[in-house]
Amino acid sequence: MEADNSLQSILYKRGSLQLLDQRKLPLESIYLEIRDATDGWSAIRDMVVRGAPAIAIAAALSLAVEVFNLEAFNGTTDDAALFLNKKLEYLVSSRPTAVNLSDAATKLKEVISMAATAASEARSIFQAYIEAAEIMLKDDVGSNKAIGSHGVSFLHHQLKNSKKLSILTHCNTGSLATAGYGTALGVIRAIHSEGLLERAYCTETRPFNQGSRLTAFELVHDNIPATLIADSAAAALMKDGRVDAVIVGADRVAANGDTANKIGTYSLSLCAMNHHIPFYVAAPLTSIDLSLYSGKEIVIEERSPKELTHSRGGLGEQVAASGISVWNPAFDVTPANLISGIITEKGVVTKVSSDAFDIKDFIEKAAK
């Protein structure tokens with residue numbers, strides 16, 4: 001059951017899961033075998049797989065592979081449900097900021113609970129879980145393509161004075177960050193397919209270089225006209241009039257529209273505002289956390305100082321002075337007043353005031 005895209009971070013068939021080791025890209029393409037939830041946790045934490053949607057799918061499938069390959073389970077249906085729930089809670093701890101992961105775990109727990117009420121043996125609960133995890137993989141690709149479709153229609157209408165659009169993006173939000181196609185990069189793919197893209201600009205995205213290693217890799221692979229820039233060059237690029245819009249992804253969106261995304265996103269939004277350039281977030285509804293009123297409640301993950309003090313995001317030689325203290329937040333929060341719209345698989349969420357979105361109302365209407 002593989003995504004219908006030539007670039008795949010996740011290779012899955014029932015009982016087997018392989019994840020593309022994105023730390024090795026773009027120089028090597030190596031897939032790692034994931035045998036259980038412990039392997040899945042480590043792959044997520046160590047950035048083998050990254051990107052909020054891909055993290056959620058990889059976590060769900062790592063546990064699906066584990067239970068499929070269990071030789072024996074000597075327990076009741078209640079024992080099976082407890083086993084799965086504890087494993088899901090463990091997997092959620094791997095990357096706390098990405099809400100897609102906790103959202104997937106919550107939905108899978110509901111599946112487990114429903115299966116447990118009707119099952120007469122543990123294996124039936126495991127089977128229900130496996131099928132639900134596989135549906136998540138399939139649905140993610142469809143959701144991403146819908147985001148691309150809504151994005152290109154909306155942007156073409158909003159930026160109708162531009163014959164072709166030049167889009168700046170940050171981090172990686174493509175096939176490598178999802179089950180296939182992508183969110184913000186999926187919108188860029190859709191714009192390109194419609195013949196409306198002048199050029200895509202991608203930032204290097206320090207310190208882990210997801211932009212220069214991964215987004216640039218995808219853009220070159222798909223023959224999309226693209227240019228890599230240093231993170232610090234974005235303001236100059238905007239000042240030169242070479243950016244029509246900024247589109248980024250999201251790891252968590254609060255109810256008012258405040259958005260947590262890869263560190264450096266907030267800086268781009270400030271630059272975009274100063275240069276009167278629209279700034280869009282592209283994300284599935286699973287990235288929205290209605291339990292949080294604002295971005296002030298979003299927990300920001302801090303990562304190893306080594307990602308800054310050593311080259312290649314901490315994997316290479318030391319480049320910083322020994323003894324220097326380091327602050328390395330993985331994400332920052334862009335306030336809703338700096339965001340022009342949120343592109344989802346159900347359409348584009350627009351503001352109800354200059355400072356906020358009514359995302360709950362949008363979701364309720366989309367569900368009808």
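Which residues of H4 are buried? I opened the notebook with this question and kept the answer for the entry on that helix.

**Entry 1. Ground rules**

I note that this is a predicted model, in which local features need pLDDT of at least 70 and side-chain atom pairs count only at pLDDT 80 or more, while totals for chains, interfaces and linings use all residues. Residues are numbered from 1 along each chain as its sequence is written, and side-chain values use heavy atoms, with hydrogens and water left out.

**Entry 2. Helix H4**

I took helices (H or I, at least four residues) and strands (E, at least two) as DSSP runs, numbered from the N terminus. I took buried as under 20% relative accessible area, exposed as over 50% and partly exposed as in between, with a 1.4 Å probe and protein chains only. The buried residues of H4 are Val99, Asn100, Leu101, Ala104, Ala105, Leu108, Ile112, Ala115 and Ala116. I then looked up what covers them, with contact meaning heavy atoms within 4.5 Å. The cover includes H2, H3, H5, strand S8 (252-254) and strand S11 (288-289). H4 has 20 residues and reaches 30 Å from its first C-alpha to its last, close to the 28 Å expected at 1.5 Å a residue. The expected span is 1.5 Å times one less than the number of residues.

**Entry 3. The nonpolar cores**

I used this meaning of a nonpolar core: a set of buried Ala, Val, Leu, Ile, Met, Phe, Trp, Tyr and Cys residues joined through side-chain atoms within 4.5 Å. The largest core has 45 residues, and those with the most contacts inside it are Tyr12, Leu17, Leu19, Leu61, Leu63, Leu84 and Tyr129. Among the elements that each supply at least two of its residues are strand S1 (10-13), strand S2 (16-20), helix H2 (52-68) and helix H5 (122-158). H2 gives the largest share, 12 residues. A second, separate core of 27 residues includes Val152, Ile188, Ala245 and Tyr280.

**Entry 4**

I counted strands as paired if DSSP finds at least two bridges between them. S1 and S2 run antiparallel and are joined by 4 bridges; Ile10 has Leu19 in S2 as its bridge partner. The two strands form a hairpin with 2 residues between them, and Gly15 in the turn has a positive phi of about 95 degrees. S2 also pairs with strand S3 (residues 31-34), in the antiparallel sense over 4 bridges, where Leu19 stands opposite Leu32. I found that 4 of the 5 residues of S2 are buried, so S2 is largely enclosed by the rest of the structure.

**Entry 5. Aromatic rings**

How many aromatic pairs does the structure hold? I found 5. Rings of Phe, Tyr and Trp (its six-membered ring) pair if their centres lie within 6.5 Å; planes under 30 degrees apart count as stacked, over 60 as edge-to-face and the rest as tilted. The rings of Phe83 and Phe126 have centres 6.1 Å apart and planes at 65 degrees, so this pair is edge-to-face. Phe83 lies in helix H3 and Phe126 in helix H5, so the pair ties together parts that are 43 residues apart in sequence. Phe126 is buried, with a relative accessible area of 1%. Ring pairs link Phe73, Phe83 and Phe126 into a cluster.

**Entry 6. An open sheet and Phe331**

I found 4 strands forming an open sheet in the order S11-S8-S9-S12, with mixed pairing. S11 and strand S12 (331-334) stand at the edges with a single partner strand each, so one side of each lacks a neighbour in the sheet. Phe331 is found in S12 and is buried, with a relative accessible area of 4%. Lys262 lies over the face of Phe331, at 4.5 Å from the ring centre. For such a placement I required NZ of Lys or CZ of Arg within 6 Å of the ring centre and within 35 degrees of the ring normal.

**Entry 7. Strand S10**

Which residues of strand S10 (residues 279-282) lie on each side? Phe279 and Val281 are on one side and Tyr280 and Ala282 on the other, all buried. S10 pairs in the parallel sense with strand S7 (residues 245-248) over 3 bridges. Strand S13 (residues 341-344) also runs parallel to S10, joined by 3 bridges, and Tyr280 stands opposite Gly341 there.
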